[in-house]
Amino acid sequence: MSAVHLTVTPPGPIRFGTDGWRGVIAADFTFERLFRAAGAAAKVLARTYGDNGSRRILVGYDRRFLSEEFASITAQAIQAVGLEAQLASNYATTPALSWAVHEQAALGALVITASHNPGQYSGLKIKGAFGGSVPGSVTAEVEALLDQGFTPDLPDSSSAIARFDPWQSYRQMLRQKVDLAAIQAAIASGRLSVFVDVMHGAAAGALAQILEAPITELRSDRDPLFGGGAPEPLAANVTGLCQRLGDGVDTPLAIGFVFDGDGDRIAAVDRSGEFLSSQVLIPVLIEHLAARRSCPGELVKTVSGSDLMPKVAALFNIPVTELPVGYKYIADRMLSQTVLLGGEESGGIGYGSHIPERDGLLSALYLLEAIVQSARNLGDLYADLQARTQFQSTYDRIDLPLADMSARDRVLQALQTQAPQAIAGLEVISCQTIDGFKFRLSDGRWLMVRFSGTEPLLRLYCEASSPEDVQETLNWAKDWAQRC
């Protein structure tokens with residue numbers, strides 16, 4: 001039998017990306033490293049939010065491989081640094097855990113999840129006492145503490161860890177956010193059909209329990225490998241749901257929802273089987289909240305969001321703020337300003353009337369309410385907004401894997417020192433650099449190039465007037481990056 005040769009690369013320092021630390025299980029994300037990271041995070045949470053008088057930090061987890069065991073280690077680390085840990089009694093979505101922090105007035109929460117990453121990953125998200133993702137200054141303190149060699153003392157094995165139910169209060173709160181009776185009546189009368197693809201994730205069973213009405217759920221079983229893919233709400237990952245609605249439904253109104261692995265992000269599928277990203281959903285939600293619910297506040301969007309969003313906001317005289325990619329920036333804005341809606345291209349949408357946290361289930365409820373109150377499907381609502389703004393576009397994003405960090409450095413250096421003056425044969429009019437490099441071209445289309453905060457990927461985004469223009473631009477960007 002031939003010998004097996006393994007190349008073992010020591011893990012690098014623990015670093016937090018746009019929302020948490022993530023790593024490959026058993027390589028980067030190990031029990032020992034998690035114990036250290038959780039202990040450091042607990043100390044920083046106490047230092048940052050301790051004025052609220054609490055000593056309690058909640059611990060939650062998703063349905064990934066070893067999530068329960070990782071959560072137990074996290075709770076032990078919290079207690080090892082002299083704080084009180086409460087461990088969720090079952091898997092839950094990240095927004096449910098953030099709500100629990102707010103409701104219990106806790107110091108924060110440590111959540112075991114790798115969100116949308118493939119099955120070989122796990123991760124740790126840090127939530128602050130306000131019920132949302134902590135700012136970068138907090139994660140920087142955690143990293144600095146770890147870089148100094150911080151390791152908690154071994155915990156007292158006889159110390160019991162309290163449990164809490166992450167679902168009951170959260171479900172009840174969501175039911176009060178919308179006209180639940182109208183949605184239930186539409187389903188019961190046969191006017192509305194609701195489908196949901198939970199992608200084997202932590203949102204399994206949640207929407208049906210909130211609605212207390214019959215819906216059709218796909219991929220609700222626990223599969224830590226996610227069918228060999230990733231639990232990310234992208235069109236390529238939900239062909240089954242698209243086909244299910246595309247084959248036809250009997251009701252005049254129908255909608256399919258898609259939630260990512262920890263339930264904080266959403267996409268949808270229209271009655272016709274067409275995939276609807278948050279680039280479509282956010283404009284519809286802006287209209288619903290402003291016109292039907294008369295909710296106040298500004299629109300906060302990330303730099304990768306569609307140009308349709310500010311155009312719809314202008315219909316209702318809603319001010320717009322644009323921020324870097326990452327919901328923590330939106331959450332920080334929500335803490336100081338009145339915000340109608342905060343949304344990002346990747347499916348994270350949150351509301352100023354809620355905690356400063358993206359919430360896929362609440363977004364689904366608002367979209368259901370919009371469908372029922374307007375008696376129109378989401379695709380029709382979106383087409384109406386395009387007509388009213390006289391703006392039609394196509395959007396797409398591709399993720400380009402990079403060979404290694406040196407390849408990343410070459411692309412970054414080229415962007416910084418030799419940024420293209422023309423893209424796909426069109427002149428570059430401007431370049432925005434609040435996050436990555438966003439190039440606006442002479443015909444109105446834009447291309448954005450940025451690096452993933454959690455994976456060795458180059459993310460390429462484009463919005464243009466036609467699918468052909470989008471693909472032409474993305475293909476150009478891909479070829480350019482590979483030549484660097």
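Tutor: Two strands pair if DSSP finds at least two bridges between them; strands (E, at least two residues) and helices (H or I, at least four) are DSSP runs, numbered from the N terminus. The model is predicted: local features need pLDDT of at least 70, side-chain atom pairs count only at pLDDT 80 or more, and totals for chains, interfaces and linings use all residues. Residues are numbered from 1 along each chain as its sequence is written, and side-chain values use heavy atoms, with hydrogens and water left out.

Student: What is the strand order of the open sheet of five strands?

Tutor: The order is S8-S7-S9-S10-S11, with mixed pairing.

Student: Why do strands S8 and S11 stand at the edges?

Tutor: S8 (216–218) and S11 (275–276) each have a single partner strand, so one side of each lacks a neighbour in the sheet.

Student: How do you know that S10 and S11 pair?

Tutor: Two bridges join S10 (residues 266–270) to S11, antiparallel, and pairing requires at least two. In S11, Phe275 is the bridge partner of Val269.

Student: Why is the pair Trp476 and Trp480 called stacked?

Tutor: Rings of Phe, Tyr and Trp (its six-membered ring) pair if their centres lie within 6.5 Å; planes under 30 degrees apart count as stacked, over 60 as edge-to-face and the rest as tilted. Here the centres are 6.3 Å apart and the planes at 10 degrees, so the pair is stacked.

Student: Why is the pair Trp21 and Phe29 called tilted?

Tutor: Their centres are 4.7 Å apart and their planes at 35 degrees, so this pair is tilted.

Student: What makes Trp480 buried?

Tutor: Buried means under 20% relative accessible area, exposed over 50%, and partly exposed in between (1.4 Å probe, protein chains only). Trp480 has 14% and is therefore buried, whereas Trp476, with 22%, is partly exposed.
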